[in-house]
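Dear colleague,

I am handing over the structure below, and after it you will find my notes on what turned up when I went through it. Please read them with the structure open beside you.

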Amino acid sequence: MRIDIITCLPKLLEGPFSDSILKRAQEKELVEIHVHDLRTYSTHKQRSIDDYAYGGGAGMVLQIEPIAAAIDDLKSQRTYDEVIYMSPDGEQFTQTLANQLALKGNLLILCGHYKGVDERVRQHYITKEISIGDYVISGGELAAAVVTDAIVRLLPGVLSDETSALTDSYQDGLLAPPVYSRPADFKGLKVPDVLLSGHAANIEKWRFEQAVKRTEERRPDLFKKE
């Protein structure tokens with residue numbers, strides 16, 4: 001898989017992609033992640049990429065010209081399965097969507113900033129808009145990092161134990177059950193006996209029941225989606 005990200009603040013993405021699982025996935029050549037500075041596509045002397053909004057109002061708007069130049073340049077080099085715009089009014093990002101995107105080959109992600117991008121970009125260049133939640137952050141960079149992380153960890157070979165991703169929260173529509181580790185007794189706080197029993201069927205049954213219980217208590221809305 002290859003993921004290209006267009007941003008006006010490339011340094012914001014250096015940290016998330018240079019450590020932990022994403023770093024190892026790139027070192028194993030299971031994924032390529034390339035960050036492109038939108039300002040390199042500006043034709044202005046000061047490399048400006050934003051301007052005032054027509055009609056007035058607060059805030060600046062990312063202009064269509066540098067964005068179109070960036071997308072056209074990257075698309076001239078390869079075919080993208082999706083050209084994604086990170087937007088607060090996009091489709092809600094879910095584990096199901098992460099699973100779908102993990103099956104793609106090439107993804108291009110555009111990070112918004114300021115008051116957003118020129119609407120013509122969204123109408124003519126974007127194939128999918130994604131939101132990571134009903135709140136606003138300073139730009140699409142952190143959202144793009146979240147989406148990238150969620151996708152990459154699903155790729156075969158990325159996790160040392162590939163069954164780990166299959167038992168994450170939301171994979172089966174449920175929150176993950178409680179987990180415990182050593183010691184079995186910490187100052188009187190004990191691990192449930194069933195987890196120490198060695199009885200695989202009973203442990204699996206307990207975990208499913210706990211997942212259902214936790215989902216009912218904490219995210220009853222997940223049941224309403226079924």
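Ser20 is partly exposed, with a relative accessible area of 42%, where buried means under 20%, exposed over 50% and partly exposed in between, using a 1.4 Å probe and protein chains only. This serine is found in helix H1, and its phi is near 55°, a positive value in a residue other than glycine. Glu29, which is not a glycine either, has a positive phi of about 60°; Glu29 is found in the loop between H1 and strand E2 (32–37) and, at 71% relative accessibility, counts as exposed. Helices (H or I, at least four residues) and strands (E, at least two) are DSSP runs, numbered from the N terminus.

Before going further, please keep in mind that this is a predicted model, in which local features need pLDDT of at least 70 and side-chain atom pairs count only at pLDDT 80 or more, while totals for chains, interfaces and linings use all residues. Residues are numbered from 1 along each chain as its sequence is written, and side-chain values use heavy atoms, with hydrogens and water left out.

Now to the interior. A nonpolar core is a set of buried Ala, Val, Leu, Ile, Met, Phe, Trp, Tyr and Cys residues joined through side-chain atoms within 4.5 Å. The largest such core has 29 residues, of which Ile5, Met86, Phe93, Leu101, Ile130 and Val152 touch the most other members. Among the elements that give two or more residues to this core are strand E1 (2–7), strand E5 (82–92) and helix H5 (141–152), and the largest share, seven residues, comes from H5. Apart from this core lies another, of 18 residues, including Tyr41 and Val117.

Ser131 lies in strand E7 (residues 128–131) and is buried, with a relative accessible area of 2%. Leaving aside neighbours within four places in sequence, Ser131 is in contact (heavy atoms within 4.5 Å) with Ser87, Pro88, Gly90, Glu91, Gln92 and Phe93.

Which residues does the UniProt annotation "binding site" cover? According to that unreviewed entry, they are Gly112, Ile132, Gly133, Asp134, Tyr135, Val136 and Ile137; UniProt positions are given in the numbering used here, feature names are shortened, and annotations may be inferred rather than shown by experiment.

With best wishes
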